[in-house]
Amino acid sequence: MTDRRSLLLAGLAAGILPRAASAQGEWPARPVTMVTGYAPGGVTDLATRAIAERMQRELGQPIVVDPKPGGATSVSATQVAQSRPDGHTLLMGTTSLAINPALQPGLTPRDPRQELAPIGMAYRTPFVLHLHPDVPARSTAELIAYAKANPGRLNFGSSGTGAVNHLCLEMFRREAGIDVVHIPYRGGAPALIDLRAGRIQGMFAAVLEALPAVREGATRAIAISSKDRLPLLPDVPPVAETLAGFDGVFWQGLFAPVGTPQPVLDRLGAVLRVATEDAGLRARLAEQGVALQTGDAAFLARLLATETESWGRLIRDAGIRPE
């Protein structure tokens with residue numbers, strides 16, 4: 001009797017244990033954390049939360065957006081790079097991953113290309129090149145001509161040294177062959193205050209920051225930094241129509257710690273693709289100047305590698321140093 005009972009229990013265990021082991025390996029087994037490098041409230045936070053909400057509907061687990069600003073987004077990137085690679089901690093990384101290695105090489109992760117696993121693209125958003133009305137230029141060509149006739153007399157603001165809109169200005173200055181003065185601010189909002197007041201003459205500004213001033217007539221939009229036109233400002237041409245090849249945008253893409261299992265990365269990529277191709281979400285974020293972009297892990301890896309090289313070269317050639 002005892003032997004029969006032992007055999008029965010052994011048989012039951014054999015049937016139960018594989019299922020228990022399988023359940024233990026299921027992903028996601030708990031809520032997923034999506035870390036960002038920006039404080040709540042801005043367009044970056046808004047877009048990240050919208051994408052996360054759409055993704056969690058596919059995953060069947062909550063996605064908790066966890067803002068960790070600081071260190072030019074290195075705080076958030078380092079946290080994820082050093083997290084357990086089980087697919088439950090992700091990074092909504094930005095263009096700063098391509099900028100920091102050259103601008104601030106002491107920050108971690110020192111080489112995001114080696115320390116983070118790309119999952120896929122999330123979105124791109126360009127900048128509006130707008131001017132104070134006192135500047136007698138209504139196009140990129142006219143601005144270049146005016147700047148060449150008045151070297152060193154135009155002051156252009158940015159949200160900080162090494163910010164993407166500052167690098168757009170440096171690229172514009174280099175490609176146009178003009179001499180303008182860079183005035184760094186601690187954020188786009190104070191720069192815009194001075195632009196409205198005429199204390200600076202222009203800047204590449206985030207779309208949502210620039211739009212109220214442009215629509216009120218406080219500033220004049222003359223160009224978009226992306227190679228494509230912006231639906232919110234369809235009559236404003238890209239800088240690239242005057243300076244061929246000009247394309248400077250802020251982007252975000254999803255990353256995981258290196259070592260995350262490939263099936264988990266593949267599943268995340270597929271779910272992210274559903275979000276970026278959602279027509280309703282695309283329309284909603286387009287109203288914020290955000291263009292959702294579908295791109296797989298290979299696309300994001302190529303983008304990061306290309307921009308690490310191109311922004312790095314610009315930073316070194318221009319001798320840009322952090323504030």
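# Cavities, pockets and cores

α3, β3 (89-94) and α4 each put at least two residues into the lining of the second largest cavity. That cavity is one of two in the structure with a volume of 30 Å³ or more. Bear in mind that this is a predicted model.

- G37, Y38, T73, S76, A77, L91, M92, G93, T94, S96 and L97 make up the lining.
- The top contributor here is β3, with four residues.
- Sorted by class, this lining has five nonpolar and six polar residues, and no charged ones.

**The largest cavity**
- The largest cavity holds about 50 Å³ of space.
- You'll find T73, S74, A77, S96, L97, N100, P101, T108, P109 and P112 around it.
- Two helices, α3 (74-81) and α4 (96-103), each give at least two residues to this lining.
- Between them and everything else, α4 gives the most, at four residues.
- The lining splits into five nonpolar and five polar residues, with no charged ones.

**The largest pocket**
- By class, you get 20 nonpolar, 17 polar and three charged residues in the lining of the largest pocket.

- The volume of the second largest pocket is about 310 Å³.
- Of its 16 lining residues, G245, D247, E307, S310 and W311 sit closest to the centre.
- β4, α7 and α12 (297-318) are the elements that each give two or more residues to this lining.
- α12 takes the largest share, with seven residues.
- Class by class, the lining of the second largest pocket has seven nonpolar, three polar and six charged residues.

**Nonpolar cores**
- The largest nonpolar core counts 74 residues, and I51, M55, L129, L143, F172 and F204 have the most contacts inside it.
- α7 supplies the largest share of this core, seven residues.
- Take M55 as an example: leaving out residues up to four places away in sequence, M55 touches M34, I63, L254, L268, V271, L272 and A275.
- There's also a second, separate core with 19 residues, including V128, Y185, L195 and V207.

**An exposed loop residue**
- D134 lies in the loop between β5 (127-131) and α6 (140-149).
- Why does D134 count as exposed? Its relative accessibility is 64%, and exposed means over 50%.
- D134 and T219 are 85 residues apart along the chain, with 9.2 Å between their C-alpha atoms.

Note on methods: Residues numbered from 1 in each chain as written. Predicted model: local features only at pLDDT ≥ 70, side-chain atom pairs only at ≥ 80, totals over all residues. Heavy atoms only, no water. 1 Å grid on protein atoms, 1.4 Å probe; cavity = no way out; pocket = protein on both sides within 12 Å on 5 of 7 lines; lining within 4 Å. Points joined across faces, edges and corners; volume = space filled by probe spheres on them. Nonpolar A, V, L, I, M, F, W, Y, C, P; charged D, E, K, R; others polar. Buried < 20%, exposed > 50% of the residue type's maximum accessible area, 1.4 Å probe, protein only. Core = buried A, V, L, I, M, F, W, Y, C linked by side-chain atoms within 4.5 Å. Contact = heavy atoms within 4.5 Å.
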